[in-house]
Amino acid sequence: MKITLKCYGCKQEFRRTELVQYSGQGVTMHWYCRDCLQEKQSREMFAAKVSQIFGLKNPGPRIWTERKRLREKYGYTDKTIVDCLEYIYHVENKKILAESLCLVTPPTVDRMLKYKRMRESQGNSFIRAINTEQEKTVVSINEESKKKVEQLNPDDWLDD
């Protein structure tokens with residue numbers, strides 16, 4: 001058995017222990033290095049989310065070209081692009097006029113990031129409020145149980 005295998009993505013030779021076997025949405029299993037595996041999973045997530053947002057079966061060449069441009073020009077990740085699309089169409093409620101990433105611009109990404117930070121801080125304050133409420137509940141239950149224990153008399157339970 002060979003000690004090395006070629007990565008299906010970058011075609012470089014790696015030790016068998018450094019590669020991961022992955023099929024994704026396909027049927028055939030392929031060996032990927034860590035970097036190519038992350039890229040493959042990122043592409044699949046991007047394709048699935050964009051298809052869901054625009055109601056497509058698969059993204060077309062225009063969307064892939066725009067994705068490449070956004071990644072090279074601004075350094076956006078697939079997650080940032082998808083989050084921005086969801087923000088545009090679900091939070092700002094803009095109508096979908098064309099299946100395009102043209103609305104993903106630096107000002108829109110900044111608004112999306114600001115919105116996510118605001119939602120996250122609201123979520124954290126909500127969690128803090130729940131935790132303090134739970135602490136109050138625990139304290140009140142413990143106090144009530146102590147009172148009940150003090151009120152019980154063991155003589156009441158003994159038969160004469």
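Biologist: Which residues have the most contacts inside the largest nonpolar core?
Modeller: This is a predicted model, where local features need pLDDT of at least 70, side-chain atom pairs count only at pLDDT 80 or more, and totals for chains, interfaces and linings use all residues. Residues are numbered from 1 along each chain as its sequence is written, and side-chain values use heavy atoms, without hydrogens or water. A nonpolar core is a set of buried (under 20% relative accessible area, 1.4 Å probe, protein chains only) Ala, Val, Leu, Ile, Met, Phe, Trp, Tyr and Cys residues joined through side-chain atoms within 4.5 Å. Here the largest one has 18 residues, and those with the most contacts (heavy atoms within 4.5 Å) inside it are F46, F54, I81, L85, L101 and V104.

Biologist: Which helix supplies the largest share of this core?
Modeller: Helices are DSSP runs (H or I, at least four residues), numbered from the N terminus. With seven residues, the largest share comes from α3.

Biologist: How do α1 and α3 sit, roughly parallel or roughly antiparallel?
Modeller: Their axes, lines fitted to C-alpha atoms over the stretch in contact, are 9 Å apart. The angle, taken from 0 to 180 degrees between N-to-C directions, is about 10°. Because angles under 35 degrees count that way, α1 and α3 are roughly parallel.

Notes:
Helices (H or I, at least four residues) and strands (E, at least two) are DSSP runs, numbered from the N terminus. Angles under 35 degrees count as roughly parallel, over 145 as roughly antiparallel, 65 to 115 as roughly perpendicular and the rest as oblique. Buried means under 20% relative accessible area, exposed over 50%, partly exposed in between (1.4 Å probe, protein chains only).
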